[in-house]
Amino acid sequence: MSSTEQTPRPTRLAAAAGVALVEALGLLAGGVYMLVRALLDGGSGGGDLTSGVTGGVTVIALGLIPLVAARGLWRMRSWSRGPAVITQILALPVAWQMLRTDGVIPYGIVVAVLAVTGLVLLLNPATTEALGIRRPGQEA
């Protein structure tokens, strides 16, 4: 019997997986955009081809972290909370910088809301319990 059959998936856990998935899709789309733009510009227009390709590939690779975490959260795997929490924590300074940059403020708001929502959902006791993670002082 799988863990999903033993314990129903709490709504908060499903929502946390959804937040991680949205973040992953955003990073993957951004990385593909950077990569395609770098390749199409070919280094012209003042851009460096190597930097553009490296940046795009890096963002795509970073997008895989919340994607894997989302899948793990959906399947109720305890290991998935760590990468998901780290993604939310790393998103906060990114959101802060976006909120201070003209032209991307609305995106900064979205990133900040996703990060805070993700943290609240991931640190919720129902989520912790569903993932089988014991809180400090909790007996086995």
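Modeller: One term to begin with: contact means heavy atoms within 4.5 Å. This is a predicted model, in which local features need pLDDT of at least 70 and side-chain atom pairs count only at pLDDT 80 or more, while totals for chains, interfaces and linings use all residues. Residues are numbered from 1 along each chain as its sequence is written, and side-chain values use heavy atoms, with hydrogens and water left out.

Colleague: OK, what is T127 in contact with, leaving aside its neighbours within four places in sequence?

Modeller: With those neighbours left aside, T127 is in contact with R12, L13, L121 and L122. T127 itself lies in helix α6, residues 125–130; helices here are DSSP runs of H or I with at least four residues, strands are runs of E with at least two, and both are numbered from the N terminus.

Colleague: Is T127 buried or exposed?

Modeller: T127 counts as buried because its relative accessibility is 0%, where buried means under 20% relative accessible area, exposed means over 50%, and partly exposed is in between, using a 1.4 Å probe and protein chains only.

Colleague: Stepping back, how many helices and strands does the protein chain have?

Modeller: The protein chain has six helices and zero strands, and its C-alpha atoms fill a box of roughly 60 × 35 × 25 Å, taken along the principal axes. Buried residues make up 31% of the 140 residues in the chain, and of the contacts with a separation of 6 or more, 67% are accounted for by residues 24 or more positions apart.

Colleague: Which residues of α5 are buried, and what covers them?

Modeller: In α5, the buried residues are G108, A112, L114, A115, G118, L119, L121 and L122, and what covers the buried residues of this helix includes α2, α3, α4 and α6.

Colleague: And what about the span of α5?

Modeller: The expected span of a helix is 1.5 Å times one less than its number of residues, so the 18 residues of α5 should span 26 Å, and its end C-alpha atoms are 25 Å apart, which agrees.

Colleague: Changing topic, what is the volume of the largest pocket, and which residues lie nearest its centre?

Modeller: Its volume is about 650 Å³, and among its 18 lining residues, E23, G26, L27, V94 and V111 lie nearest the centre. Two or more lining residues come from each of α2 (11–41), α3 (49–74), α4 (81–99) and α5 (105–122), with the largest share, six residues, coming from α4.

Colleague: What counts as a pocket and its volume there?

Modeller: On a 1 Å grid over the protein atoms alone, a pocket is an open set of points where a 1.4 Å probe fits, with protein on both sides within 12 Å along at least five of seven lines, and lining residues have an atom within 4 Å of a point. Grid points are joined across faces, edges and corners, and the volume is the space filled by probe spheres set on the points.

Colleague: Where is the salt bridge?

Modeller: D41 forms one with R37, their closest N and O atoms being 3.8 Å apart; the rule asks for a side-chain nitrogen of Lys or Arg within 4 Å of a carboxyl oxygen of Asp or Glu. D41 and R37 are separated by about one helical turn, because they are four residues apart in helix α2.
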